[in-house]
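This report goes through the chain shown below, from single residues and elements to the overall architecture.

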Amino acid sequence: MTLIRRKFLTTAAISGGVLSAPSLVHAQGKGTFNWKMTSAYPKGSPFYFDGPGSATDLAKRIKEMSDGRLNIQVFGAGELIPAFEGFDAVRAGTVEMNHANSYFWTGKTFAAQYFTAVPFGMNFQGINGWLYDGGGIDLWNEVYAPFGMVAMPCGNTGVQMTGWFKKEIKTVADLKGLKMRIPGLAGKVYANLGVDVKVLPGGEIFPALERGVIDAAEFVGPYQDRRLGLHKAAKFYYTTGWHESATVSELLINKAAWQTLPKDLQAIVQNAAAACNVISEGWCQKANADAMEDLIKNQKVIAKPLPDSVIKALRAETDKVLAEAVAKDPMTKKVHDSYMAFMAKYQRWADVSEGAYHSTVRG
Ligand code: CA
């Protein structure tokens with residue numbers, strides 16, 4: 001052994017190089033992974049499919065961080081499978097990943113609702129606290145374990161808007177008989193208050209609202225809603241969404257495929273998803289601030305919160321709907337109890353931190 005070689009070994013042993021070298025060889029030996037990811041949203045959809053923190057951005061970050069060892073081909077809704085078949089496709093292993101929202105799967109397992117949004121739930125900061133540090137992600141994986149899948153957050157819209165109404169809402173009675181596009185749990189809550197609930201895909205909302213097939217509609221927030229032209233069909237824009245306080249995007253992964261990834265690639269996926277979670281929410285803040293200003297200044301939209309009495313009625317109905325769901329399913333109860341316990345504590349903290357900042361300090 002030459003002196004140089006001996007010196008290298010000594011230095012490497014001290015710095016840990018000898019220990020790390022075999023793991024590097026081992027990781028490279030695992031080769032390249034070519035995966036498919038479907039989306040519940042069409043190709044070109046801002047936030048969901050394209051742009052900062054979107055499905056394609058997630059795939060790009062994973063490819064760059066892994067130096068091309070994990071390549072994910074991304075398919076928009078309808079390209080490989082229809083929009084809402086991602087759960088079944090990942091479960092069957094037809095594709096390794098799907099990018100959507102877990103509340104689309106409440107028909108498979110109701111507890112999935114809590115990992116997207118619960119009416120009167122937590123804001124972006126609170127939901128992240130629960131998911132990352134309050135046991136939320138562990139519960140998410142527990143809910144999906146019988147289906148052979150794992151999941152993690154990979155995006156967030158922040159608080160959505162209550163939506164667009166052709167007529168002003170002054171009391172709960174004004175909701176009776178109103179035909180409204182509103183999916184999911186919030187739809188059940190409105191239905192209990194006499195709303196005729198319609199579930200339409202995004203692309204069908206504007207024509208239905210314009211033609212009077214529906215009287216009201218919720219979609220996402222100022223940027224996405226303006227993109228559909230909803231402000232041209234209804235003038236009352238009810239603000240802060242009681243129904244989706246910080247809507248989480250879901251990265252759903254086939255568990256058997258996940259387990260074939262070496263640890264470093266798993267870490268890359270987790271870190272890319274966490275980056276997209278923050279980056280997408282940041283993008284929404286900027287896009288919505290710009291769009292809201294335009295809607296009020298140039299499009300003459302009347303933007304205001306729902307009256308307190310209506311919010312109170314919606315809250316009471318939400319409690320009833322959730323209590324019914326909890327009574328029916330032990331897993332839903334487990335997730336509900338965890339979420340609500342975390343929220344109760346978080347809310348007391350938020351009241352003297354973020355809440356107080358916005359209501360008192362900032363004014
Ligand atoms: Ca929505």
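## Helix 5

Buried is used here for a relative accessible area under 20%, and exposed for one over 50%. The model is predicted. By that cut-off, the buried residues of helix 5 are F124, G126, I127, N128, G129, W130 and L131. Helix 5 covers residues 124-133, and because 7 of its 10 residues are buried, the helix is largely enclosed by the rest of the structure.

Which elements do the buried residues of helix 5 pack against? The partners are helix 6 (136-144), strand 4 (149-156), strand 10, helix 11 (263-297) and helix 13 (330-352). At the start of helix 5, the backbone nitrogen of Q125 has a side-chain oxygen of N123 within 3.3 Å. After helix 5 comes G135, with a positive phi near 90 degrees.

Most residues other than glycine have a negative phi. F120 has a positive phi, near 60 degrees, and is not a glycine. F120 lies in the loop between strand 3 (97-100) and helix 5. With a relative accessible area of 16%, F120 is buried.

K300 is not a glycine either, and its phi is positive at about 55 degrees. K300 belongs to the loop between helix 11 and strand 11 (302-304). Is K300 buried or exposed? K300 is exposed, because its relative accessible area of 60% is over the 50% cut-off.

E218 and E244 are 26 residues apart and link distant parts of the chain. E218 sits in the loop between strand 8 (216-217) and helix 9 (222-228), while E244 sits in the loop between strand 9 (236-240) and strand 10 (248-254).

Both of these glutamates count as buried, because their relative accessible areas are 1% for E218 and 5% for E244, against a cut-off of 20%.

An open sheet of 6 strands is arranged in the order 7-6-8-5-9-11, and its pairing is mixed. Strand 7 (196-198) and strand 11 are at the edges; each has a single partner strand, so one side of each has no neighbour in the sheet. Strand 6 (residues 179-181) runs parallel to strand 8, to which 2 bridges join it. In this pair, M180 is opposite A216 of strand 8.

Strand 9 is mostly covered, with 4 of its 5 residues buried. F165 is placed opposite F236 of strand 9. Strand 9 also pairs with strand 11, in the parallel sense and over 3 bridges. There, Y238 faces K304 of strand 11.

## Domains and their interface

The domain assignment gives two segments for each domain: 33-156 + 246-286 for domain 1, and 160-243 + 300-328 for domain 2. Taken over C-alpha atoms, the centres of domain 1 and domain 2 are 26 Å apart.

How many residues of each domain are in contact with the other? Domain 1 contributes 13 residues and domain 2 contributes 16. About 1,300 Å² of area is buried between domain 1 and domain 2, and carbon and sulfur atoms give 66% of that area.

## The chain as a whole

The chain contains 14 helices and 11 strands. Along the principal axes, its C-alpha atoms fill a box of roughly 90 × 45 × 45 Å. Of its 363 residues, 50% count as buried. Among contacts in the chain with a separation of 6 or more, residues 24 or more positions apart account for 76%.

Methods:
Residues are numbered from 1 along each chain as its sequence is written. This is a predicted model: local features need pLDDT of at least 70, side-chain atom pairs count only at pLDDT 80 or more; totals for chains, interfaces and linings use all residues. Side-chain values use heavy atoms; hydrogens and water are left out. Buried means under 20% relative accessible area, exposed over 50%, partly exposed in between (1.4 Å probe, protein chains only). Contact means heavy atoms within 4.5 Å. A polar contact is a pair of N or O atoms within 3.5 Å; within protein, one must be able to donate a hydrogen and the other to accept it, and residues adjacent in sequence count only if both atoms are side-chain atoms. Two strands pair if DSSP finds at least two bridges between them. Domain bounds come from an automatic or database domain assignment. Buried area is the accessible area (1.4 Å probe) that two parts lose on being put together, summed over both.
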